[in-house]
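Please look at the sequence and structure first.

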Amino acid sequence: MRRVVRQSKFRHVFGQAVKNDQCYDDIRVSRVTWDSSFCAVNPRFVAIIIEASGGGAFLVLPLHKTGRIDKSYPTVCGHTGPVLDIDWCPHNDQVIASGSEDCTVMVWQIPENGLTLSLTEPVVILEGHSKRVGIVAWHPTARNVLLSAGCDNAIIIWNVGTGEALINLDDMHSDMIYNVSWNRNGSLICTASKDKKVRVIDPRKQEIVAEKEKAHEGARPMRAIFLADGNVFTTGFSRMSERQLALWNPKNMQEPIALHEMDTSNGVLLPFYDPDTSIIYLCGKGDSSIRYFEITDESPYVHYLNTFSSKEPQRGMGYMPKRGLDVNKCEIARFFKLHERKCEPIIMTVPRKSDLFQDDLYPDTAGPEAALEAEEWFEGKNADPVLISLKHGYIPGKNRDLKVVKKNILDSKPAANKKCDLITVPKKNTDTASVQNEAKLDEILKEIKSIKDTICNQDERISKLEQQMSKIAA
């Protein structure tokens, strides 16, 4: 029988790096030996972990701020140790979480037009890990729910709105956790660990639902992510140090649905998954290529599509959410590739002759609206992402500020009742006006404080320079 070539609209996806003037240049990308992507992107900003003396810092640049980035460009620099991982909140494009070697997780609110001064004050500091925090991941559908995993082999799930740790999974992993991934509605997580096990965990019941020992036999780091259909996709190494990818059904983890060997490079494969098109992009750390595969429900399940290759190796990679893409150019993915000293966007497109909106390439995608509040999720509710159409392009709305309300332990009223009270009793306008005034006053005071800090720093610098000058003169 003659083999028929499998039909796929993504067979001819091609990648293209943007021109030099559209890159972000002169960035000192972090040299920390940690296998995170070092870069996080959303439709407004690109955030990059950088080298910083005396602590940890990352840059947050508005997408349009391309070209050479000045050495004095403000950074987010509140951590006392190097930053290891960053993640943008899916429900608020101005909120980003960072995990660091200083054992803390910090959540930051970025001003609407980007930073004009360095940001040293996070909205909230989450303290609970006893060793460095290498992974932060926001819940896909519940507002203000954040997961962190540290080198203390613990996973903590936080309610950022109250600054509390509500779930602590500290006895499930006997060795270092390489990565954690939420499923589509955020009811389960899957983890890959140094003990070569892939685990599927129900975090609210605090129990392991499924587990596979030696998912990949090799000793080098693995990755595991959830797909939209509930299956788990893993990357790792064979006993002979060949890079592998595999597909698993959590209901039966005995044998993989598919297992492919790729090559003998030693870079850890970072998978990026698009649930709308069922495409997985694999970016190896230190590779100079991005391979992409389509996942289908017919054998061999994982279909190789193509490889985008370039000359320079990648130190890290950022992946743009679907709503940040240009639908008029049939763009189905955009990567932000980190070099030694710059960040280079790479655009993946499907060639089409028509200028019309291609609805087969852009089914409704996850929007920025949260489907649940944090309290509802912790009480046991689940909800799929709230979908939006990209037909007329995505226009970012106004984000509300992240407010952290520390709970009063003496307040015995249950939270649900408080909500009802707010709804039933109409507030007077004067109240809201005074709240707004207070908020404005807070903002002004914060700005004054940061200006004072800057002046102090400059004074110190001037006095140091004067001393140096006097020494030279002497």
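## Rings, charges and a sheet

The charged end of Lys285 lies over the ring of Phe38, 4.0 Å from its centre. Here, "over" requires NZ of Lys or CZ of Arg within 6 Å of the ring centre and within 35 degrees of the ring normal. Arg220 places its charged end over the ring of Phe237, 5.4 Å from the centre.

This is a predicted model: local features need pLDDT of at least 70, side-chain atom pairs count only at pLDDT 80 or more, and totals for chains, interfaces and linings use all residues. Residues are numbered from 1 along each chain as its sequence is written, and side-chain values use heavy atoms, without hydrogens and water.

Rings of Phe, Tyr and Trp (its six-membered ring) pair if their centres lie within 6.5 Å; planes under 30 degrees apart are stacked, over 60 edge-to-face, the rest tilted. The count is 13 aromatic pairs.

Phe58 in strand S5 and Trp108 in strand S10 are 50 residues apart. Strands are DSSP runs (E, at least two residues), as are helices (H or I, at least four), numbered from the N terminus. Phe58 and Trp108 are buried (under 20% relative accessible area, 1.4 Å probe, protein chains only). Trp182 and Trp377 are also buried.

Strand S10 belongs to an open antiparallel sheet of four strands, ordered S8-S9-S10-S11. Strands pair if DSSP finds at least two bridges between them. S9 and S10 share five bridges, and Ile96 stands opposite Trp108.

Definitions and conventions: Buried < 20%, exposed > 50% of the residue type's maximum accessible area, 1.4 Å probe, protein only.
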